[in-house]
Amino acid sequence: MNKTGVLLINLGTPDSPSVSDVRSYLSQFLNDPRVIDIPWLARKVLVNLIIVPFRAPKSAKIYQKLWTENGSPLLYYSEEVKRLLQQELPQDYQVHLAMRYKNPSIPDVLETMRKKNYSRIIILPMFPQYASASTGSALEEVMRVMKSWWVIPEVKLISQYYDHPTFIDAFVARGKQYTISDYDHVLFSYHGLPERQVDKVYDSGHCSDHDCEQEITHENKFCYKATCYATTRLLAEKLNIPADKYTVCFQSRLDQKWLKPFSDEVVRECGRKGMKKLLVFSPAFTADCLETVIEIGDEYQEIFHEHGGEKVQLVESLNDHPLWIRCLKDLVLAN
């Protein structure tokens, strides 16, 4: 029988919240040239001598807050998605899960898949909007490993699905758990990127030369900023949120040359304007993680409270929502 292997890929997580495991994770993550896209020697010095030694102990404390009895939420929900998707697919499909950084690793999981002798393999990163630092890195690693195989089967790479109707419906369902009219403002907070990384999408010019906040065109269809705004427009329309009631923003910045507006500054400004309740979606994250539970749920709550606000309500990530599973099923069967 011809069988199809499906490889889900998420970003990754430390093996534990210990300082040594967090240090190992950060080292692998930040040494990726698609994540920190500066010359090799400068990246090595910056990451291994400056960022990781100072950041690992602090990050370990944050991961300890994030960790649950099931371990890392990102890994736990990714494994649940793998299990549930397997139940929904025909018998001639077999689902595997890998993490771009740490475990289960892409090389180890692909070696298991190679031995299965699949007729076809579908690579499906769990990142709805394409970015070189996430989807691009995951797909590059898959191709790096597979190029050494003697037998390379038919391979399908899925780059993005930011506007897939069932993906949108899944986040809409999450949002409808809350009475949106009870909130003064809604934030759609996406993981940030350096502006130079979205500029690299274009053969000439810059992201700022395109109307990425308003439309998707042939030129900007792989621009992370453009697809984040496109996802937001679709969600706002389905949730009946007027344009003046929501803001698209970007979190987790490292410096001032990242995509703006910055989520923490938007939260601060909302407090200063007298707003009391904020609802925050994070549609780039399909599983709860450090950036959602801790950064939005805890840190932004603290910022908002310091500036006069009362409540920052995080809309949960898709995690194991049935519509998210259906979206992934649709993507697999369509490819």
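When I say buried, I mean a residue with under 20% relative accessible area, and exposed means over 50%. Please keep in mind that this is a predicted model.

By that cut-off, tyrosine 161 and phenylalanine 167 are both buried. How are their rings arranged? The centres are 6.3 Å apart and the planes stand at 85°, so this pair is edge-to-face. Phenylalanine 167 also pairs with phenylalanine 171, again edge-to-face, at 5.7 Å centre to centre and 85° between the planes. Phenylalanine 171 is buried as well.

How many aromatic pairs does the structure hold? The count is 13. Elsewhere, ring pairs join Tyr25, Phe29, Tyr63, Trp67 and Tyr101 into a cluster.

The charged end of arginine 253 sits over the ring of phenylalanine 262, 4.2 Å from the ring centre. Over the ring of tyrosine 183 sits the charged end of lysine 277, 4.7 Å from the centre.

Now the surface. Trp40, Leu41, Val45, Leu49, Ile50 and Phe54 make up a nonpolar patch there, and together they have about 680 Å² of accessible area. Is tryptophan 40 buried or exposed? Its relative accessible area is 56%, so tryptophan 40 counts as exposed. Tryptophan 40 belongs to helix H2, which covers residues 40–66.

Notes:
Residues numbered from 1 in each chain as written. Predicted model: local features only at pLDDT ≥ 70, side-chain atom pairs only at ≥ 80, totals over all residues. Heavy atoms only, no water. Patch = residues over 30% accessible without salt bridge, like charges linked within 9 Å, V, L, I, M, F, W, Y side chains within 5 Å. Areas by Shrake-Rupley, 256 points an atom, 1.4 Å probe, with all protein chains shown as cover. Salt bridge = Lys/Arg side-chain N within 4 Å of Asp/Glu carboxyl O. Helix = DSSP H or I, 4+ residues; strand = E, 2+ residues; numbered from the N terminus. Buried < 20%, exposed > 50% of the residue type's maximum accessible area, 1.4 Å probe, protein only. Phe/Tyr/Trp six-rings, centres within 6.5 Å; stacked < 30°, edge-to-face > 60°. Lys NZ or Arg CZ within 6 Å of the ring centre and 35° of its normal.
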